[in-house]
Amino acid sequence: MRFVFLLLLFGSGVMRGGAQNLMKKDADFNIVEDYIQTEKWLEYVETELSEFNRLAAQLTWDLSTTPNDKAATQAMALGIAKHKWKNEVCDSRPRSTILTPIQERKLYLLCRGPRFSSELIQSYLETVGKMAQTYNSEICLPNTYPGPLQSLSYSDQNTSTYPLPGDCLRGEPDLERLMKRPDLNVDQLRWTWKTWHNFVGPPMKKYFLNMVQIENRAARNNDYDDMGQIWREELEIDDLEDTVFDLYEEIKPLYEMLHAVVRHKLFMKYGPLVIDPVGPIPIHVLGNMWGQDWSTLIDLFVPSDDRVDLDERLQSKNWTVYDMVTQAEDVYMSFGLPPMSRKFWKNSIFEKSDNLSLCHGSAANLFSNNDYRLIMCAKIDMENFYVVHHELGHIQYFMAYENQSAIFQDGANSAIHESIGDAIMNAVMAPQHLHRLGLISDEELFNKYRWDIFKGKITKDRLNTAYWKISEVIRGIAAPEQRGEEFFDVAGKFHISDNSPYIRYFLSNILQMEIYKGLCEISLYGGYRPKATNYRELHVLPLHRCDIYGSKKCGKYLRMMMEKGASITWSEALRIVSGRDGITTKPLLEYYKPIYRWLKNYIKLYKIPVGW
């Protein structure tokens with residue numbers, strides 16, 4: 001059977017004419033022998049990799065839920081052992097010039113990335129551990145009365161729900177949630193933002209700089225220029241940096257108009273002492289610790305009496321966090337995808353507890369007998385409802401590729417992995433599905449910054465200055481006040497302490513819309529939309545109103561893509577669910593077309609300046 005397979009694999013030229021066969025008998029035998037030996041080598045390697053993955057996943061979970069010195073010591077020993085093993089494996093990898101495409105991809109995925117010596121990996125793990133410990137530390141307020149928020153309050157503010165003197169708070173979720181409160185005044189918001197960034201940034205700066213040096217040394221050990229090159233390679237997109245900025249330029253007109261209208265509304269609320277009507281927006285007034293999610297500013301646009309408050313609707317249904325998870329599970333099951341496993345319900349953590357060291361919503365693959373888990377510190381609101389759908393998208397991906405070999409038990413790339421749950425959440429937010437849930441009645445850059453640090457373009461004496469310059473140029477968002485180099489404000493974001501590449505999220509915001517549009521077409525037409533037609537010509541619902549709940553055809557294509565795992569590239573994965581290659585912003589712009597029109601009319605009506 002193996003020889004028959006090789007005939008199909010390498011083409012009929014292998015067996016062409018009797019005399020030629022005799023002359024090539026030894027060569028053919030060597031091809032078969034090389035193939036068999038490579039397969040045996042890969043099988044052995046993947047067996048060991050599976051065990052490493054299982055042990056690492058369990059220790060990571062333990063450190064997130066019940067941190068202790070024993071688990072930390074074991075994680076350090078395992079990390080050193082795994083990288084030593086990887087170096088030895090890649091040094092001994094088959095050198096055959098004839099490999100199947102699958103074998104080539106496995107060797108590529110296995111041996112790419114940084115090459116850590118035992119000393120380097122120990123230093124790296126110690127440094128990342130200290131960064132995580134810093135990020136997850138509590139800030140304890142002084143015991144003196146009144147408390148800081150109380151002393152900054154106005155006479156008409158209700159202070160009964162403020163943190164009390166002596167309370168200990170984490171950045172996530174405690175201070176993050178304070179930043180969302182519309183009842184806090186501008187001085188209280190500034191205090192909250194400064195308290196977190198002043199606390200976490202300065203001590204993390206030295207660890208971050210040490211980590212950059214370690215990672216760059218490990219990258220050069222494997223013939224890369226720097227660690228940033230490795231991060232970009234993982235996404236398997238040619239000229240990634242140029243691609244990202246090309247995509248940004250495509251959506252920039254929409255973003256600039258949104259920025260202009262939000263700035264105008266904030267100017268009307270706070271006045272010229274806080275808001276420059278033609279400049280960047282101070283980050284602390286945007287309703288989010290990192291200036292990323294502006295949804296809490298909705299009251300500036302639509303009075304509460306004239307809009308549907310989905311947070312209130314969720315809470316009025318008396319749902320628990322468990323109910324939110326089961327509702328999200330139901331969406332995926334409606335596509336014919338599997339339910340969450342028994343171990344998921346037994347081992348997942350949905351709400352905050354005293355011994356948790358991680359509150360950032362995360363899905364976990366334990367690589368062991370349907371053991372998939374979720375950890376989050378949830379409350380009953382739409383943001384957490386989104387997080388649940390997002391993380392269950394990761395778990396559906398885990399479950400789909402569980403039968404792949406160990407090297408392929410991952411997503412096509414990290415951006416695709418992030419896109420699944422968000423694509424589904426777009427469908428959840430369709431009016432039809434919100435009605436189905438009983439929530440309505442009938443009636444959008446950290447990697448540019450870190451890439452430049454790895455390259456040496458940003459030096460250690462201007463880390464904070466460069467961060468805010470990039471933020472102002474790209475996002476139009478400024479610091480609450482002048483911030484010197486004694487601070488390290490980028491460290492206020494979880495993904496810095498976690499050392500996670502962040503460009504995946506920018507790309508996933510675009511890819512999710514491509515996936516969502518592809519699933520809508522599958523649901524409507526039973527397959528991909530004919531290229532000669534478009535939504536307008538077919539008189540179907542606008543993209544933002546597409547409801548795919550219950551579409552088994554969508555589930556079939558989605559499962560078909562996810563079960564391939566890392567055995568295919570992101571473009572091949574995207575083609576399965578959308579019928580198209582390449583990243584395009586067209587579906588995203590199509591989805592937000594009504595918002596674009598409204599912003600354009602509002603800017604024209606009030607003669608609002610655009611840009612900063």
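Colleague: Which handedness does the link of Cys90 and Cys111 have?
Modeller: Left-handed, with -100° about the S-S bond. The pair links distant parts of the chain, with Cys90 in helix H4 (residues 69-91) and Cys111 in helix H5 (residues 101-111), 21 residues apart. Helices here are DSSP runs of H or I with at least four residues, strands are runs of E with at least two, and both are numbered from the N terminus.

Colleague: Before we go on, what kind of model is this?
Modeller: A predicted one, where local features need pLDDT of at least 70, side-chain atom pairs count only at pLDDT 80 or more, and totals for chains, interfaces and linings use all residues. Residues are numbered from 1 along each chain as its sequence is written, and side-chain values use heavy atoms, with hydrogens and water left out.

Colleague: Good. How many disulfides come out?
Modeller: Three, by the rule used, which takes a pair of cysteine sulfur atoms within 2.5 Å as a disulfide. In the Cys90 to Cys111 one, S to S is 2.1 Å.

Colleague: Are those two buried or exposed?
Modeller: Cys90 is buried, and Cys111 is too. Buried means under 20% relative accessible area, exposed over 50%, and partly exposed in between, with a 1.4 Å probe and protein chains only. The areas come from the Shrake-Rupley method with a 1.4 Å probe, and for residues only the protein chains shown count as cover.

Colleague: What else is buried in H5?
Modeller: Besides Cys111, the buried residues of H5 are Gln103, Arg105, Lys106, Leu107, Leu109 and Leu110. H5 is followed by Gly113, which has a positive phi, near 95°.

Colleague: OK, next disulfide. What about Cys140 and Cys168?
Modeller: Their sulfur atoms are 2.0 Å apart, and the link is right-handed, with 100° about the S-S bond. Cys140 lies in strand S1 (residues 139-140) and Cys168 in strand S2 (residues 168-169), so the pair ties together parts that are 28 residues apart in sequence. Cys140 is partly exposed at 48% relative accessible area, and Cys168 is partly exposed at 32%.

Colleague: And which cysteine does Cys520 join?
Modeller: Cys546, with S to S at 2.2 Å. The torsion about that S-S bond is about -125°, so this disulfide is left-handed. Cys520 lies in helix H21 (residues 503-525) and Cys546 in the loop between helix H22 (535-538) and helix H23 (552-562), so parts 26 residues apart in sequence are tied together.

Colleague: How accessible are they?
Modeller: Cys520 is buried, with a relative accessible area of 0%, and Cys546 is buried at 8%. Cys554 is in no disulfide, and the nearest cysteine sulfur, that of Cys520, is 7.1 Å away. Cys554 counts as buried too, at 1% relative accessibility.

Colleague: Switching to charges: how many salt bridges do you get?
Modeller: The count comes to 17, where a salt bridge is a side-chain nitrogen of Lys or Arg within 4 Å of a carboxyl oxygen of Asp or Glu. One of them pairs Arg54 with Glu51 (2.5 Å, N to O).

Colleague: Where do Arg54 and Glu51 sit?
Modeller: In helix H3 (residues 25-65), three residues apart, so about one helical turn separates them. Arg54 is partly exposed at 31%, and so is Glu51 at 37%.

Colleague: What does Lys180 pair with?
Modeller: Glu383, in a salt bridge of 2.0 Å, N to O. That pair links distant parts of the chain, 203 residues apart, with Glu383 in helix H15 (residues 382-400) and Lys180 in the loop between helix H8 (171-179) and helix H9 (186-220). Glu176, Lys180 and Glu383 are linked in a network of salt bridges.

Colleague: And Lys517, what does that one meet?
Modeller: Glu590, at 2.8 Å, N to O. Glu590 is in helix H25 (residues 586-591) and Lys517 in helix H21, 73 residues apart. Glu590 is partly exposed at 22%, whereas Lys517 counts as buried at 9%.

Colleague: Last one: which residues make the patch of negative charge on the surface?
Modeller: Asp238, Asp239, Asp242, Asp246, Glu249 and Glu250. Patch residues have over 30% relative accessible area and no salt bridge, and like charges are joined within 9 Å. Asp and Glu count as negative, Lys and Arg as positive, and His and the chain ends are not counted; each charge is placed at CG of Asp, CD of Glu, NZ of Lys or CZ of Arg. Asp238 is in the loop between helix H10 (227-234) and helix H11 (240-270), and counts as exposed at 69% relative accessibility.

Terms used:
Patches are made of residues with over 30% relative accessible area and no salt bridge: like charges are joined within 9 Å, nonpolar side chains (Val, Leu, Ile, Met, Phe, Trp, Tyr) within 5 Å.
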